[in-house]
Amino acid sequence: GAVGGPDSSAPQDWEQRQEEDTLLIERILLLVRNVLHVPPDPAEEQGVDGDASVHDRVLWALHISGMDDLLKFLASAQVEQQWALHVLEIISLMFRDQSPEELAVLGQGTAGAEHGEDTRELESLRQRELAEKRARALQRPTRHSRFGGSYVLQGLKSIGDRDVVFHKGLHNLKSYTHDLGKEPRRVPRHRQA
């Protein structure tokens, strides 16, 4: 019969799953396990060296169909723990012909090559960034732009008989008052006009 009703493409919550759906999932897992369980027949598989064996081709078909992602999901999802043993058996059959040592060396080889490539790429980016920083530093003026110099305002007397020394840029001269830079006296709120 139809599984999941009219909209079977939508994922079902495990609580809403029917007994038929559970049986179907178990049958599919058992089918995959049984297909992978078939022992290799050297008399039948007389291919050229380096040719993919039947087992390898089955694994490739599982990968293309997305079954490996489904198995990873079933193995890691908390609510799908009932399938853990089936998934474990399937995974052990997938790696049946491989020795752990070979797998570890293969994993390190690709990871090591990728790591070396990433390191080289990062180093070249770092060198480029340092070169850009140096170029920007050379373009910068030696004194910071906020420095306006000090000027003596003749005709304006400061305390004593000396002329006023003005420490801001000349463009600020228009707004000059004797109170420049002093803290304004704070008038309490109840004394304010």
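Q: Taking contact to mean heavy atoms within 4.5 Å, which residues of α1 meet which residues of α2?

A: Val32, Val35 and Leu36 in α1 meet His55, Val58, Leu59 and Leu62 in α2, where helices are DSSP runs (H or I, at least four residues) numbered from the N terminus. This is a predicted model, in which local features need pLDDT of at least 70 and side-chain atom pairs pLDDT 80 or more, while totals for chains, interfaces and linings use all residues. Residues are numbered from 1 along each chain as its sequence is written, and side-chain values use heavy atoms, leaving out hydrogens and water.

Q: At what angle do α1 and α2 pack?

A: Helix α1 (residues 19-37) and helix α2 (residues 54-65) pack at about 155°, with axes 10 Å apart. That makes the two helices roughly antiparallel, a label for angles over 145 degrees, on a scale from 0 to 180 degrees between the N-to-C directions of axes fitted to C-alpha atoms over the stretch in contact.

Q: Switching topic, how many salt bridges are there?

A: The structure holds three, each needing a side-chain nitrogen of Lys or Arg within 4 Å of a carboxyl oxygen of Asp or Glu.

Q: Which parts does the glutamate 89 one tie together?

A: Glutamate 89 pairs with arginine 33 at 3.4 Å, N to O; the former lies in helix α4 (residues 84-94) and the latter in helix α1, so the bridge ties together parts 56 residues apart in sequence.

Q: And is lysine 72 buried or exposed?

A: Lysine 72, which forms a salt bridge with aspartate 69, is exposed at 54% relative accessible area, whereas aspartate 69 is partly exposed at 46% (buried is under 20%, exposed over 50%, partly exposed in between, with a 1.4 Å probe and protein chains only).

Methods: Angles under 35 degrees count as roughly parallel, over 145 as roughly antiparallel, 65 to 115 as roughly perpendicular and the rest as oblique. Contact means heavy atoms within 4.5 Å.
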